[in-house]
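Subject: Structure for your files

Hello,

Please find the structure below, followed by notes on what was found in it.

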Amino acid sequence: MKQFLTIGTFDGVHTGHQHLFNTLEMQAARHRQRARVLYFPLPPKTLLSTQPEMSVLTLPAEKKSVLKKLGMRAEMLDFQHVRSLSPHQFFNRLLHQFDMGGLLVGADFAFGKNRAGSAVFLREACAAKNIPFEVVAFYKDGHEKISSSLIRKILAQGDVPRANALLGRPYELTGRVITGHKLGRKLGYPTANLDTGIYKILPLGVFAVKVRVGTRYYDGFCNIGFRPTVNTLHTVLPLVEVHIFDFKQSIYGRNITVWFYEKLRSETKFDGLDALKNQLALDKQAARQILANSNAI
């Protein structure tokens with residue numbers, strides 16, 4: 001059976017992408033083909049950048065998981081293997097390697113060396129092979145185009161509920177628990193310090209979060225920043241610290257996943273540890289109230 005393809009980076013796998021996938025499924029069914037998503041694990045801009053830090057909404061494993069939950073048949077493309085191909089070479093690879101019988105792309109899609117494979121080229125190439133081709137218009141939130149760059153901007157502004165609405169799910173990050181300075185433990189708020197790698201976007205501030213440890217879920221709050229009160233961090237990447245409510249296990253070396261629901265406040269420099277401790281108590285109370293009224297993951 002021929003395959004009706006779509007291709008892209010799909011960073012965030014947001015509601016605009018999901019609209020495109022729904023259209024893909026309908027077109028595939030109409031032409032009696034299988035729908036298939038070909039995706040790059042990381043945005044080409046990130047791979048080519050000299051400053052790739054904190055530029056990605058969904059890391060490769062996250063993207064694979066979300067696509068699976070959406071029920072999409074998906075396959076990863078190696079950007080390094082296709083970046084130097086001409087549009088004709090890449091198109092022929094789609095025809096022969098992926099048995100392409102139809103192609104659907106987003107309005108801003110281009111491929112091949114120097115993005116020379118435009119929609120105009122694709123329409124002509126598909127017509128020459130008698131293959132259906134469609135460009136899906138941008139999906140909008142009101143008058144604004146839903147895009148990965150818009151969601152990155154909204155996260156940076158701290159508007160987590162709106163970012164989640166555009167993603168179609170809570171923003172998440174997964175990281176390995178590493179050893180920290182144990183300051184939170186001394187204050188009565190032990191934290192799991194997470195190594196999330198260099199690419200993942202880390203919104204700055206204190207957030208109400210849900211946390212998965214193994215197969216169990218917990219409420220908590222997460223601080224992402226540079227510790228202005230104790231000034232122990234000197235790095236380009238902020239520190240991710242998660243306080244998990246009603247939790248006392250040792251989880252060093254394990255991966256945990258954190259879902260973001262609302263920003264509680266910006267990171268602040270306090271006049272001493274007592275003031276910080278008092279604020280953490282208020283953060284915990286506010287997070288509990290927010291999470292009690294949130295939908296389950």
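The protein carries 40 positive and 23 negative side chains, and the centres of the two sets lie 5 Å apart. In this count Lys and Arg are positive and Asp and Glu negative, with His and the chain ends left out; each charge is placed at NZ of Lys, CZ of Arg, CG of Asp or CD of Glu.

Some background on how to read the values. The model is predicted: local features need pLDDT of at least 70, side-chain atom pairs count only at pLDDT 80 or more, and totals for chains, interfaces and linings use all residues. Residues are numbered from 1 along each chain as its sequence is written, and side-chain values use heavy atoms, with hydrogens and water left out.

Overall figures

The C-alpha trace spans about 70 × 40 × 35 Å along its principal axes. The accessible surface comes to about 15300 Å², and 50% of that belongs to carbon and sulfur atoms (Shrake-Rupley method, 1.4 Å probe). Of the 297 residues, 49% count as buried, which means under 20% relative accessible area, where exposed is over 50% and partly exposed lies in between (1.4 Å probe, protein chains only). Among contacts (heavy atoms within 4.5 Å) with a separation of 6 or more, 72% are between residues 24 or more positions apart.

The protein has ten helices and 13 strands. These are DSSP runs numbered from the N terminus: helices are H or I with at least four residues, strands E with at least two.

The open sheet

Five strands form an open sheet in the order E3-E2-E1-E4-E5, with parallel pairing; two strands pair if DSSP finds at least two bridges between them. E3 (74-76) and E5 (133-136) stand at the edges with a single partner strand each, so one side of each has no neighbour in the sheet. Neighbouring strands here are turned by 25 degrees against each other on average, direction ignored. For angles, axes are lines fitted to C-alpha atoms, for helices over the stretch in contact, and values run from 0 to 180 degrees between N-to-C directions.

E2 (residues 34-39) is joined to E3 by three bridges, and Val37 stands opposite Ala74 in E3.

Gln27 is in helix H1 (residues 15-30). Gln27 counts as buried because its relative accessibility is 12%. Leaving aside residues up to four places away in sequence, Gln27 touches Phe4, Leu104 and Glu134.

The barrel

Six strands form a closed barrel, E8-E9-E12-E11-E10-E13, with antiparallel pairing. Its neighbouring strands are turned by 45 degrees against each other on average, direction ignored. Helix H10 (residues 273-292) packs on this sheet and touches E10 (205-213), E11 (216-225), E12 (239-244) and E13 (255-265). The direction of H10 makes about 100 degrees with that of E13.

Three antiparallel bridges join E8 (residues 171-178) to E9 (residues 192-195), with Ile178 opposite Asn193. E9 is in turn joined to E12 by three bridges, and Asn193 stands opposite Glu241 there. E11 and E12 pair over six bridges; Ile224 has Val240 in E12 as its bridge partner.

How many of the six residues of E12 are buried? Six are. In a regular strand the side chains alternate between the two faces of the sheet. In E12 both faces are covered: Leu239, Glu241 and His243 are buried on one side, and Val240, Val242 and Ile244 on the other.

Regards
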